[in-house]
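Please keep the sequence and the structure in view while reading.

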Amino acid sequence: PASAILADRFGAEYGLWIAYYSVLEGAAQLAASWVWFAISPGLVTSSLLTLPIGAVTIRTFHKVYPLPTYVHVIALEVAILCHGAVLIWVLKFLRAEVTSMGMESKPKRRRRRRSGGVEDV
């Protein structure tokens, strides 16, 4: 993974945040699917790849590079900031782009029966 490349080139401190980001992203996908009761490709990918690989990478970093706790805390904080930046970008810019392209989802119109016919609500 990219975290191993950064750790090899610049030091373990610089690669650890990517592993925490992977775990955070996987947990966010699982939480979102639980809240909205929906199954998505992101959920499957997170469950099978992102969470396990991130967790194994953090564990491997802990065994191979004995880093102090504050480095792990800083790496987690950087991962949270990056995840927040991605969420803001998606919610702000991508939603505006989808809306401008006319691809926003439109709610279905419900129909109500009346005694003489059908009326749109």
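Helices (H or I, at least four residues) and strands (E, at least two) are DSSP runs, numbered from the N terminus. By this definition the chain has 4 helices and 2 strands, and from the N terminus on the order is α-α-α-α-β-β. This is a predicted model, in which local features need pLDDT of at least 70, side-chain atom pairs count only at pLDDT 80 or more, and totals for chains, interfaces and linings use all residues. Residues are numbered from 1 along each chain as its sequence is written, and side-chain values use heavy atoms, with hydrogens and water left out.

Buried means under 20% relative accessible area, exposed over 50%, and partly exposed in between (1.4 Å probe, protein chains only). Of the 121 residues of the chain, 19% are buried. Contact means heavy atoms within 4.5 Å. Among contacts between residues at least 6 apart in sequence, 59% join residues at least 24 apart.

Next comes the interior. A nonpolar core is a set of buried Ala, Val, Leu, Ile, Met, Phe, Trp, Tyr and Cys residues joined through side-chain atoms within 4.5 Å. The largest one here has 11 residues, including Leu 16, Phe 61, Leu 67, Val 71 and Ala 75. Helix H2 (12-36), helix H3 (41-64) and H4 each give two or more residues to this core, and H2 gives the most, with 4 residues. Beyond its neighbours within four places in sequence, Leu 16 touches Phe 61, Leu 67, Val 71, His 72 and Ala 75 by the contact criterion.

His 83 lies in helix H4 (residues 69-100). His 83 counts as buried because its relative accessibility is 10%. Neighbours within four places aside, His 83 is in contact with Tyr 21, Leu 24, Glu 25 and Ala 28.
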